[in-house]
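Me: I have a structure open that I have not looked at before. Could you go through a few points with me?

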Amino acid sequence: RKIMKNTVRDLSKLDPSASENDRMAVLQNCIESFNTLDGELQFIDTIEREDICEEFEMIAQACGLGGHENMADEWRDW
């Protein structure tokens, strides 16, 4: 939850006219944070992956990047 909360917070701190690249960098950091956490705890299995990706896609949609499908797959290790 903290990773998702921080992602939403970081996106909301961006200027409303922030570039797609700036928003994408925040989303990439989100997934890379899950990579790090999973590397330490090894907790992401099928159910967790589906839940994380579903919430991630909602955040991507809300920040105007919903047209990029399966973004998390580009960065995730799990």
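Me: Let's begin with E55: what does its relative accessibility make it count as?

Reply: E55 counts as partly exposed, because its relative accessibility is 22%, where buried means under 20% relative accessible area, exposed over 50% and partly exposed in between, with a 1.4 Å probe and protein chains only. This is a predicted model, in which local features need pLDDT of at least 70 and side-chain atom pairs count only at pLDDT 80 or more, while totals for chains, interfaces and linings use all residues. Residues are numbered from 1 along each chain as its sequence is written, and side-chain values use heavy atoms, with hydrogens and water left out.

Me: And which residue forms a salt bridge with E55?

Reply: That is R1, with the closest N and O atoms 2.8 Å apart; a salt bridge here is a side-chain nitrogen of Lys or Arg within 4 Å of a carboxyl oxygen of Asp or Glu. R1 lies in the segment before α1 and E55 in helix α3, so the pair ties together parts that are 54 residues apart in sequence. Helices are DSSP runs (H or I, at least four residues), numbered from the N terminus. R1 itself is exposed, with a relative accessible area of 72%.

Me: How many salt bridges does the structure hold?

Reply: It holds three. Another joins the side chains of D10 and R9 at 2.9 Å, N to O, and D73 forms one with R76, where the closest N and O atoms are 2.8 Å apart.

Me: Changing topic, is T7 buried or exposed?

Reply: T7 is buried, since its relative accessible area is 4%. Its place is in helix α1, and T7 touches V26, L27, C30 and I59, leaving aside residues up to four places away in sequence, where contact means heavy atoms within 4.5 Å.

Me: What do the buried residues of α2 pack against?

Reply: They pack against α1, α3 and α4 (71-75), and among these buried residues of α2 are V26, L27 and C30. By contrast, N21 also lies in helix α2, but counts as exposed at 61% relative accessibility.

Me: How far apart are the end C-alpha atoms of α2?

Reply: They are 32 Å apart, which agrees with the 32 Å that its 22 residues should span at 1.5 Å a residue; the expected span is 1.5 Å times one less than the number of residues. Just after α2, Q42 takes a positive phi of about 45°.

Note on methods:
Helix = DSSP H or I, 4+ residues; strand = E, 2+ residues; numbered from the N terminus.
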